[in-house]
Amino acid sequence: MSKKRCSICGKGALEIRREPRRYGCGIDVILVDIEVRHCPACGEEFEVIPNIERLHQAIARDLAKSDARLRAGEIRFLRTYLGYSSVDFARLMGVSPETVSRWESKGAPKRMALSAERLLRLMVLQNEPIRSYGLEGAGASEGPPAQPLRLRVTPTGWESAAA
Ligand SMILES: [Zn+2]
């Protein structure tokens, strides 16, 4: 099998390694041991992230079950994951569009009420075939999450990877 050539410089034969990478989706996510193709000639790196749809499902599921209160970027991720515009989301949650903007504000976010936060978590989890959502502890911790979410690719999708 011939090695793939670098699409940037056209010279290097790409070397494949398994490495952790941060996933740029506006929230703190580490993908554990994804395939990264390195070009020895120009130093370019190409990350291979399979099954993006399932990855977003896994991120949304882990966020919905997290102990920590949801942060602005996480609320925005979950809203867009559910497919709502901020106007539709405001209508659904019974708040003004300005309130949604403040929930998602990077600078000075306004914290969601815990009940609204749990409603958002439930909307994310409602299609999951699990008996208990374990929401009783969700959002119980006031501080930021101690660790980023960690996800590992499997043959069928993405699973949580313990730190
Ligand atoms: Zn190259």
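**Entry 1. Order of the elements**

I read the elements of the chain from the N terminus on, and they run β-β-β-α-α-α-α-α-β-β. This amounts to 5 helices and 5 strands. I took helices (H or I, at least four residues) and strands (E, at least two) as DSSP runs, numbered from the N terminus.

I note that this is a predicted model, in which local features need pLDDT of at least 70 and side-chain atom pairs count only at pLDDT 80 or more, while totals for chains, interfaces and linings use all residues. Residues are numbered from 1 along each chain as its sequence is written.

**Entry 2. The whole chain**

I looked up the extent of the chain: its C-alpha atoms fill a box of roughly 55 × 35 × 25 Å along the principal axes. I then looked up burial, and 23% of the 163 residues count as buried. A residue is buried if 20 or more other C-beta atoms lie within 10 Å of its own, exposed if 12 or fewer, and partly exposed in between, with C-beta atoms placed from the backbone.

For contacts, two residues qualify if their C-beta atoms, placed from the backbone, lie within 7 Å. Among contacts with a separation of 6 or more, 56% come from residues 24 or more positions apart.

**Entry 3. Strand E2 and its partners**

I followed strand E2 (residues 29–38) through its pairings. Strands pair if DSSP finds at least two bridges between them. Strand E1 (residues 15–22) runs antiparallel to E2, joined by 7 bridges; Arg17 has Val36 of E2 as its bridge partner. The hairpin of E1 and E2 has 6 residues between the strands, and there Gly26 takes a positive phi near 85°.

E2 also pairs with strand E3 (residues 45–48) in the antiparallel sense, over 4 bridges, and His38 stands opposite Glu45 in E3. In this second hairpin, again with 6 residues between the strands, Gly43 has a positive phi near 85°.

In which sense do E2 and strand E4 (residues 149–154) run, parallel or antiparallel? I found them parallel, joined by 4 bridges. Here Val29 stands opposite Leu149 in E4.

**Entry 4. Helices H1 and H5**

Two packed helices are described by the angle between their axes and the distance between the axes. For helix H1 (residues 52–64) and helix H5 (residues 114–125), I read an angle of about 145° and axes 9 Å apart. The axes are lines fitted to C-alpha atoms, for helices over the stretch in contact, and angles run from 0 to 180 degrees between N-to-C directions.

The residues that meet are Ala60, Arg61 and Ala64 in H1 and Arg121, Val124 and Leu125 in H5.

**Entry 5. Helix H2**

I listed the buried residues of helix H2 (residues 72–82): Ala72, Glu74, Ile75, Arg76, Phe77, Leu78 and Arg79. They pack against H1, helix H3 (86–93), helix H4 (97–103) and H5. After H2 comes Gly83, with a positive phi near 90°.

**Entry 6. The nonpolar core**

A nonpolar core is a set of buried Ala, Val, Leu, Ile, Met, Phe, Trp, Tyr and Cys residues joined through C-beta atoms within 7 Å. The largest has 26 residues, and those with the most contacts inside it are Val29, Ile59, Ala60, Leu63, Ile75, Leu78 and Leu151. E2, H1, H2, H4, H5 and E4 each give two or more residues to this core. H1 supplies the largest share, 6 residues.

Which residues does Val29 touch, not counting those up to four places away in sequence? I found Arg22, Tyr23, Ile59, Pro148, Leu149 and Leu151.
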